[in-house]
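Subject: Structure handover

Hello,

Here is the structure I promised to pass on. Please open it next to this email and follow along.

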Amino acid sequence: MRFLPTVVRSFYAFSNATFRVAPPPLRPALGPTAKLGLPSIPFLGAFFGTSSSSNNMTYPLQKGKEEWQAQLSPEQFRILREKGTEAPYSSDFDKHMPSEGVYTCAGCEAPLYKANHKFKSGCGWPAFFDAVPGAVTRHTDRTFGMERTEIVCSNCGGHLGHVFKGEGYPTPTDERHCVNGVSLSFNKNDPVKDSKA
Ligand SMILES: [Zn+2]
């Protein structure tokens with residue numbers, strides 16, 4: 001059964017390339033070296049590097065790899081810190097439709113999405129049409145030869161997912177924040193209720 005994770009991983013990589021972020025095994029270590037040696041061939045670049053600038057940005061909350069590993073579950077670390085993607089339909093938050101409360105970053109507890117930002121997209125991941133103002137930072141992600149908009153927590157830089165526009169959902173923004181449920185916690189109290197913007 002040792003081959004199973006590889007098979008599953010490959011399955012998602014090929015069946016779900018629209019949403020899948022490149023797996024991390026050959027990505028250079030974070031830091032200054034991340035800029036070096038990325039091949040210019042688009043296909044290889046898609047697998048071996050990330051053109052997102054998020055790795056080089058500085059976020060208010062800084063923690064080392066070991067600190068994150070000690071705090072997060074292996075799956076949380078893979079997704080939040082290594083830009084992984086959870087299996088579709090695997091998150092309890094996918095069908096979670098509370099009337100109030102706030103979804104916070106599973107890495108740092110920063111409030112990210114309010115309950116009334118959430119909508120049913122049917123895509124298999126929790127979907128939001130808007131975020132708490134300033135809570136989510138966008139980057140261009142060119143992995144897999146596609147150009148997508150990656151979203152990260154503005155406080156700790158944790159990977160959340162991607163934003164897709166113009167899909168025709170009947171929401172006020174026509175945007176879909178496709179977020180890994182693993183990257184979220186839920187707080188039924190709403191600490192940002194009074195800071196409506
Ligand atoms: Zn965070």
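Below is what was found in it, from the overall fold down to single residues.

**Overall**

Please keep in mind that this is a predicted model. The protein chain has four helices and nine strands. The order along the sequence is simple to read: α-α-α-α-β-β-β-β-β-β-β-β-β. The chain has 197 residues, and 33% of them count as buried. Now take the contacts between residues at least 6 apart in sequence. Of these, 60% join residues at least 24 apart.

Six strands form an open sheet in the order 3-4-8-7-6-5, with antiparallel pairing. Strand 3 (118-119) and strand 5 (136-141) stand at the edges. Each has a single partner strand, so one side of each has no neighbour in the sheet.

Going through the pairs:

- Strand 4 and strand 8 are antiparallel and share two bridges. Phe-128 sits opposite His-177 of strand 8.
- Strand 7 and strand 8 pair over five bridges, again in the antiparallel sense. Here Phe-164 stands opposite Arg-176 in strand 8.
- Strand 6 and strand 7 run antiparallel and are joined by four bridges. Glu-150 has His-162 in strand 7 as its bridge partner.

The hairpin of strand 6 and strand 7 has five residues between the strands. Gly-157 in this hairpin takes a positive phi near 80 degrees.

How many residues of strand 7 are buried? Five of the seven are, so strand 7 is largely enclosed by the rest of the structure.

**The core**

The largest nonpolar core holds 29 residues. Those that touch the most other members are Cys-105, Leu-112, Tyr-113, Ala-131, Val-136 and Cys-153. Several elements each supply at least two residues of this core, among them helix 4 (74-81), strand 1 (102-105), strand 2 (111-114) and strand 6 (148-153). Strand 4 (127-128), strand 7 (159-165) and strand 8 (175-179) are also on that list. As background, nonpolar side chains in soluble globular proteins tend to be buried together.

Cys-105 deserves a click. Leaving out residues up to four places away in sequence, Cys-105 touches Ala-110, Leu-112, Cys-153, Asn-155, Cys-156, Gly-158 and Ser-183.

**Helix 4**

Which residues of helix 4 are buried? They are Gln-76, Ile-79, Leu-80 and Arg-81. Seen down the helix axis, the buried residues fall within an arc of 165 degrees, so they line one face of helix 4. They pack against helix 3 (65-71) and strand 7.

Lys-83 follows helix 4. It is found in the loop between helix 4 and strand 1. Its phi is positive, about 60 degrees, although Lys-83 is not a glycine. Is Lys-83 buried or exposed? There are 25 other C-beta atoms within 10 Å, and the cut-off for buried is 20 or more. Lys-83 is therefore buried.

Asp-174 lies in the loop between strand 7 and strand 8. Its phi is near 55 degrees, also a positive value in a residue other than glycine. Asp-174 has 13 other C-beta atoms within 10 Å.

Best wishes

Technical notes. Residues numbered from 1 in each chain as written. Predicted model: local features only at pLDDT ≥ 70, side-chain atom pairs only at ≥ 80, totals over all residues. Buried ≥ 20, exposed ≤ 12 C-beta atoms within 10 Å, placed from the backbone. Contact = placed C-beta atoms within 7 Å. Core = buried A, V, L, I, M, F, W, Y, C linked by C-beta atoms within 7 Å. Arc of directions from axis to C-beta. Pairing = 2+ DSSP bridges.
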